[in-house]
Amino acid sequence: FLVFLFLVVATIGFFINRYLVQQEKIKGILKRKIKDMEMQTLRSQMNPHFIFNTMNSINSYIIQNQKEIASDYLTRFSKLMRNILDLSKQEFVALNKEIETLCLYLELEALRLENKFDYSIVIDQDIDQENTPIPPLIIQPFVENAIWHGIHNKKTQGTICIAIKNISKNQIEITIEDDGIGRKAAGLLKTQQVNHKSYGIDITMNRLQLLDIKNKVSIIDLYDHSHIACGTQISIVITVE
């Protein structure tokens, strides 16, 4: 009986150990996938199109002898690149750091598009921005998409509103709303316009899911009272520790 009991315990131990080894392998695979996504995010946010056009804008100010504007533009651009590189090295960053980088991006795009759009960022007062960790470089891809596929194709001035609020003890919601032409019209234009593509959205959505299955992204098409498209709203729910 003792021999039988020993064999049973040994067999159970073997399967438990095998299960733990498999779980560690799964964790390792997930970590590698997250790292791969983070590197893809870095590449998408430093894509050649954005860098090329920004440098062209700076060069244009220099040619026009607007040295102060060119210097200011270059300073903001270099700070943005440094922030992106710094944030991309971390799995989580403080919310205020993410917002600082987002503001730099918005300022540059607003300048480059000659103030084609206004923007606002509203954060609930009960959110401790310095101690609220979120995955880095999460918001910018959605804002980029709003600018280039919603606002850029609009004939009049556009607006982008970003709001961040607590929705539970360990979850925040980030909404990005634009009053652009809407997804349907933008989709029709994409076949004609191949000069700009927002690379980061699919990557970012995959990153969020790999980090926590409770993270989610919702896209809502906005319409006016005549049922005419009048923009898009993105909702990003992120689990925070």
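Ile 172 counts as buried because its relative accessibility is 0% (buried means under 20% relative accessible area, exposed over 50% and partly exposed in between, with a 1.4 Å probe and protein chains only). This is a predicted model, in which local features need pLDDT of at least 70 and side-chain atom pairs count only at pLDDT 80 or more, while totals for chains, interfaces and linings use all residues. Residues are numbered from 1 along each chain as its sequence is written, and side-chain values use heavy atoms, with hydrogens and water left out.

**Whole protein**

- The protein has seven helices and seven strands (DSSP runs numbered from the N terminus: helices are H or I with at least four residues, strands E with at least two).
- Along the sequence these elements follow the pattern α-α-α-β-α-β-β-α-β-β-α-α-β-β.
- Of the 241 residues in the protein, 40% are buried.
- Of the contacts between residues at least 6 apart in sequence, 71% join residues at least 24 apart (contact means heavy atoms within 4.5 Å).

**Strand 5 and its partners**

- Strand 5 covers residues 171-178, and seven of its eight residues are buried.
- Strand 4 (residues 158-168) pairs with strand 5 in the antiparallel sense over eight bridges (two strands pair if DSSP finds at least two bridges between them).

**Surroundings of Ile 172**

- Ile 172 lies in strand 5.
- Beyond its neighbours within four places in sequence, Ile 172 contacts residues including Thr 132, Ile 134, Ile 164, Ile 167, Ile 236 and Ile 238.
- The C-alpha atoms of Ile 172 and Thr 239 are 6.7 Å apart, although 67 residues separate the two along the chain.

**Helices 3 and 4**

- Helix 3 (residues 67-88) packs against helix 4 (residues 95-112) at an angle of about 145°, with the axes 10 Å apart (axes are lines fitted to C-alpha atoms, for helices over the stretch in contact, and angles run from 0 to 180 degrees between N-to-C directions).
- The contact residues include Tyr 73, Phe 77 and Leu 80 of helix 3, and Leu 104, Tyr 105 and Leu 108 of helix 4.
- The residues of this contact comprise nine nonpolar, two polar and seven charged (Ala, Val, Leu, Ile, Met, Phe, Trp, Tyr, Cys and Pro count as nonpolar, Asp, Glu, Lys and Arg as charged, and the others, Gly among them, as polar).
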